[in-house]
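Open your viewer and get ready to select residues by number. This tour goes stop by stop, and each stop tells you what to pick and what is there.

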Amino acid sequence: MLLSTFPILSISIWTPIICGLLILTIFRNKNLKLIRIVSLISALFSFFITLSLFKYFNIQFHGIQFIEKKIWIDYFNIYYFLGIDGLSLWFIPLTAFITLIIILISLDIKKKLAEYMSAFLILSGLIIGAFCALDGMLFYIFFEATLIPIFIIIGTWGGSNRSYAAIKFFLYTLMGSLLMLISMIYLYYISNKSFNILSWHQLSITKIEQIWLFITFFIAFAIKIPIWPMHTWLPDAHVEAPTEGSVILAAIMLKLGCYGLLRFSLPIFPDASYYFSNLIITLSLISIIYISLIAMVQIDIKKLIAYSSIAHMGFVTLGIFMLTKISIQGAIIQMISHALISSAMFISIGFLYNQMKTRLISNFGGIINVIPHFSVFFIIFSLANCSLPGTSGFIGEFMIILSAVKFNFCIGVLTSTALIFSAAYSLCLSKNIIFGTITNNKIIKLININKREFLILGLFMILIIFIGLYPKPIVNSMKISISDLLKHIVISKINYNNDK
């Protein structure tokens with residue numbers, strides 16, 4: 001374990017949370033300009049702090065780095081225990097970056113601005129805390145606490161059916177997490193009353209125990225991802241959430257479920273992970289193909305991207321449970337890529353909705369004649385969404401398809417068909433919105449993107465293309481952590497084959 005001399009992780013977690021609370025209390029009744037400045041400085045500072053992780057992270061080191069460990073609740077042996085490895089490294093700066101983007105696109109909001117900014121800043125800190133936590137109870141608290149800000153964001157600033165969407169989202173995720181809590185308490189007792197996640201990795205648990213414990217954890221994480229058939233909350237949440245809410249949901253919160261599979265399910269329950277791998281691969285294929293077909297018939301732009309998001313997350317669970325180094329690397333790259341592409345798409349949709357006040361695809365057409373700069377960005381993001389080579393969307397999915405063909409040729413063929421479906425709905429969306437003749441008089445009045453919006457969309461475009469052309473830094477940073485993770489699975493495969 002590599003000890004850190006500077007609490008980078010704690011600063012990354014608590015800076016946005018404390019600033020969010022200050023905005024909510026001290027600055028709440030101040031002028032809007034001051035609230036915007038404080039929010040922006042907080043997000044910028046948090047982002048630059050998280051970037052320092054790249055500088056000091058040792059890609060050759062086996063184990064956890066940047067460790068912070070102090071006793072928190074002595075009676076229950078609960079620690080404030082933080083640390084990261086190659087599995088979690090990229091998601092902390094990614095969370096801070098997305099939060100910074102959200103603050104930038106929220107600068108024009110006037111309704112309850114202090115509450116709005118503070119909700120996203122607090123949410124950012126809680127999510128980073130979940131990615132850093134190495135104590136089971138600390139992880140659970142961060143994991144569950146994220147529900148509060150996003151529930152408020154959807155329920156307060158969402159669309160006409162926001163209450164239904166917020167309650168449905170809250171109940172779905174809460175019910176799954178309660179099952180996980182029960183299993184965590186069981187692990188606590190069989191590990192000599194410890195919530196240390198790393199010590200849970202070393203437990204010798206019988207196969208039947210692993211199966212039952214795995215099911216409870218998987219339900220919690222599968223709802224969060226979400227994987228079919230536990231996906232029904234996501235389209236409602238995306239459609240009703242404000243643009244910024246959709247961005248944080250798609251870019252970061254869904255990744256908590258995938259991260260949980262890598263941090264908990266695979267290393268703690270390796271036998272059960274291998275036992276259920278074929279079932280989860282099947283569910284992932286259904287998510288990829290069936291949900292893509294649903295996306296193709298959508299008439300609402302936001303709902304189409306929401307279903308597209310579920311389909312692309314199916315690639316992630318497929319990659320994780322093929323249980324190979326390349327497939328898991330592809331899954332993590334796919335998570336990062338999906339965060340960038342889906343964020344860019346939802347921001348673009350929000351830009352159109354703010355001016356047109358409609359999300360029906362039939363109300364658009366020919367906007368390239370009026371707002372060409374925006375149209376170019378939208379086309380690039382649509383191409384990335386259908387995994388065009390040279391974009392980040394291609395790298396992760398290519399690695400997963402490559403692993404799928406080696407794993408089982410039929411699975412590889414089925415997986416690759418998803419590229420056709422995603423191209424179909426992404427390119428049709430661009431065709432119907434960007435090209436053609438202008439049929440709606442409101443389109444003529446559209447105002448092109450300003451400098452701030454150009455900067456935001458330009459940043460996403462640069463990152464999407466950069467990762468698509470040069471994914472090596474991401475791949476190298478996770479190699480050792482994935483190898484350590486798969487050591488658990490190799491032993492399980494041997495034991496499983498011996499039993500047969």
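**Before you start**

This is a predicted model, in which local features need pLDDT of at least 70, side-chain atom pairs count only at pLDDT 80 or more, and totals for chains, interfaces and linings use all residues. Residues are numbered from 1 along each chain as its sequence is written, and side-chain values use heavy atoms, with hydrogens and water left out.

Element names come from DSSP runs, numbered from the N terminus: helices are H or I with at least four residues, strands are E with at least two.

**Stop 1: α3 and α4**

Select residues 91-105 for α3 and 113-132 for α4. Their axes are 9 Å apart, and the packing angle is about 175°. Axes are lines fitted to C-alpha atoms, for helices over the stretch in contact; angles run from 0 to 180 degrees between N-to-C directions. The angle therefore makes α3 roughly antiparallel to α4. The cut-offs are these: under 35 degrees is roughly parallel, over 145 roughly antiparallel, 65 to 115 roughly perpendicular, and the rest oblique.

Now show side chains. From α3, the residues that meet α4 include Phe-91, Ile-92 and Ile-103. Their partners in α4 include Phe-120, Leu-121 and Phe-131. Contact here means heavy atoms within 4.5 Å.

Colour this contact by class. Ala, Val, Leu, Ile, Met, Phe, Trp, Tyr, Cys and Pro count as nonpolar; Asp, Glu, Lys and Arg count as charged; the others, Gly among them, count as polar.

**Stop 2: α14 and α16**

Next, select 325-356 for α14 and 392-407 for α16. At what angle do these two helices pack? The angle is about 155°, and the axes are 8 Å apart. The two helices are therefore roughly antiparallel to each other. Their crossing is left-handed. That term applies if the near helix is turned anticlockwise from the far one by less than a right angle; clockwise is right-handed.

On the α14 side, pick Ile-326, Gly-330 and Ile-341, which are among the contact residues. On the α16 side, Gly-393, Glu-397 and Ile-400 are among them. By class, this contact has seven nonpolar, nine polar and one charged residues.

**Stop 3: α13 against α16**

The axes of α13 and α16 come within 10 Å and cross at roughly 45°. That makes α13 oblique to α16. This crossing is left-handed.

Highlight His-312, Phe-315, Val-316, Leu-318 and Gly-319 in α13. They meet Glu-397, Ile-400 and Ile-401 in α16. The classes are five nonpolar, two polar and one charged residues.

**Stop 4: the cavity**

How many cavities of 30 Å³ or more does a search of the whole structure find? The search finds one. The largest cavity has a volume of about 90 Å³.

On a 1 Å grid over the protein atoms alone, a cavity is a set of points where a 1.4 Å probe fits but cannot get out; a pocket is an open set with protein on both sides within 12 Å along at least five of seven lines; lining residues have an atom within 4 Å of a point. Grid points are joined across faces, edges and corners, and a volume is the space filled by probe spheres set on the points.

Select His-312, His-338, Ile-341, Ser-342 and Asn-385: of the 15 lining residues, these lie nearest the cavity's centre. α14 gives the largest share of the lining, six residues.

**Stop 5: the largest pocket**

The largest pocket holds about 960 Å³ of space. Pick Thr-243, Glu-244, Gly-350, Tyr-353 and Asn-354, the closest to its centre of the 39 lining residues. α14 gives the most to this lining, with nine residues. The lining has 17 nonpolar, 11 polar and 11 charged residues.

**Stop 6**

Most residues other than glycine have a negative phi, and most peptide bonds are trans. Select Ile-225 and Pro-226: a cis peptide bond joins them, with omega about -10°. Then select Trp-228 and Pro-229, also joined by a cis peptide bond, with omega about 10°. Pro-229 lies in the loop between α9 and α10.

Finish at Phe-66, in strand β1. Phe-66 is not a glycine, yet its phi is positive, about 60°.
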